[in-house]
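Keep the structure in view as you read.

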Amino acid sequence: MKHRHPTASPTAKSLLSAALFAALAAALAAAVLTTGPAAAESAKEPVKFSGAPVRVGEINSYTGLPAFTIPYRQGWQLALEEINAQGGVIGCCELQVVSRDDAGKPDDAVRVAQELVTNEAVDVLAGTYFSHIGLAVADFAARNKVPFVAAEPLTDAITWAKGNRYTFRLRPSTYMQAAMLVEEAAKLPAKRWATVAPNYEYGQSAVAWFKQLLKEKRPDVEFVAEQWPAQGKLEAGPTVQALAAAKPDAIFNVTFGADLAKFVREGEGRGLFRNRKVVSLLTGEPEYLEPMKDEAPEGWIVTGYPWEQIDTPAHKAFVAAYTARFKESPKAGSIVGYTTMKAVAAAITKAKSSNAEPIVDALAGLTFDSPVGPVTFRASDHQATMGTYVGTTTVKDGRGTMKDWHYADGANYLPPDDVARKMRPAE
């Protein structure tokens with residue numbers, strides 16, 4: 001028998017009725033249930049589902065960071081349509097998504113998580129962007145024993161220091177991406193480094209790992225300045241002036257979004273980047289690079305997503321489907337959203353159940369296909385082996401992009417299983 005939360009409302013229970021679902025499917029021609037603004041296109045031949053739908057509660061900062069999260073939502077919508085067109089999950093059931101905005105606030109994220117579990121009777125939670133919000137939902141998931149696939153939050157604490165049985169993370173963490181960038185930074189002649197990062201969990205974690213890992217490879221380096229602007233409130237002039245005054249040989253940047261654009265513009269105007277290398281987390285992602293157009297920085301060493309240059313069959317198929325569906329090119333958020341929903345579906349199908357414990361057991365060690373190749377959630381620490389692309393920024397045809405890039409497989413930038421287990425709380 002399918003387990004449902006004991007306090008689910010009558011409305012939620014009625015939605016889960018197989019009979020009602022069959023009627024809805026016939027009437028709506030297999031439309032996708034979602035609170036997002038873009039409804040799925042009806043299939044030519046409605047899929048007949050014999051079991052009750054499985055529900056995913058999706059949470060993200062749609063109003064807080066739309067540049068990333070709107071493409072992310074479109075990514076999971078595309079995956080959802082494909083999953084249901086191919087028969088759904090467990091071989092019998094439609095996968096449904098109920099989506100909520102956390103407004104960029106941990107308290108709101110926990111409140112909507114509670115609503116999704118209690119009132120909407122979701123079987124799995126997924127999503128979140130900001131690290132502190134991801135940690136809040138991970139704690140909720142552990143306390144309420146609900147599987148949670150954290151799509152984007154990069155802090156290592158979510159799988160290590162504060163890891164729990166019910167939480168799994170998809171994207172490469174701050175440790176992993178710092179290690180990828182350190183591999184390149186260590187080759188530079190630079191000895192004096194400065195850092196600039198948003199002053200919250202993500203920025204603090206990224207800087208700490210970059211410093212530690214670079215010093216391990218290059219004991220001769222020193223860090224001569226740190227700037228910690230509040231996220232979304234960078235005062236570019238004073239920040240650039242303070243960094244320049246320290247006279248570093250190179251800069252490690254962790255700002256993103258509007259803060260990144262302000263930092264680049266002010267830094268270029270004041271000559272901060274002249275004869276200095278910049279190593280920068282996430283800057284190669286098109287949602288942050290493309291809006292700067294021909295003002296995008298040249299020659300920064302970055303992690304990112306050069307979508308238009310990746311020619312593997314799986315990725316080309318994803319790009320073709322995404323552009324056909326949404327009439328625009330994909331962003332890094334698009335591929336994260338798409339892969340998150342594919343991972344959730346793969347876990348449910350492997351579990352052959354919508355119940356929490358079988359899904360958690362299925363996620364541990366799960367390997368599934370993605371547009372960047374096979375990805376595995378490690379059983380030791382629940383971190384996925386999904387990688388990212390490392391290269392340098394350039395301007396081509398009036399817009400920022402990447403060149404000289406390579407795919408850094410996440411599996412190559414993680415500590416051994418026995419080491420990772422020791423970094424997690426005892427269960």
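Q: What percentage of the residues in the protein chain is buried?
A: This model is predicted. A residue counts as buried when its relative accessible area is under 20%. The protein chain has 427 residues, and the buried share of them is 60%.

Q: How many helices and strands does the protein chain have?
A: Both kinds of element occur in the protein chain. The count is 14 helices and 14 strands.

Q: What share of the contacts with a separation of 6 or more joins residues 24 or more positions apart?
A: Contact here means heavy atoms within 4.5 Å. Take the contacts in the protein chain with a separation of 6 or more. Residues 24 or more positions apart account for 70%.

Q: How many cavities of 30 Å³ or more does the structure hold, and how much space lies in the largest?
A: The structure holds four cavities of that size. The space in the largest cavity is about 100 Å³.

Q: Which element gives the largest share of the lining of the largest cavity?
A: The lining has 13 residues, and Ile335 is among the closest to the cavity's centre. Helix H12 (332-351) and strand S13 (388-396) each give two or more residues to this lining. The largest share is three residues, and it comes from H12.

Terms used: Residues numbered from 1 in each chain as written. Predicted model: local features only at pLDDT ≥ 70, side-chain atom pairs only at ≥ 80, totals over all residues. Heavy atoms only, no water. 1 Å grid on protein atoms, 1.4 Å probe; cavity = no way out; pocket = protein on both sides within 12 Å on 5 of 7 lines; lining within 4 Å. Points joined across faces, edges and corners; volume = space filled by probe spheres on them. Helix = DSSP H or I, 4+ residues; strand = E, 2+ residues; numbered from the N terminus. Buried < 20%, exposed > 50% of the residue type's maximum accessible area, 1.4 Å probe, protein only.
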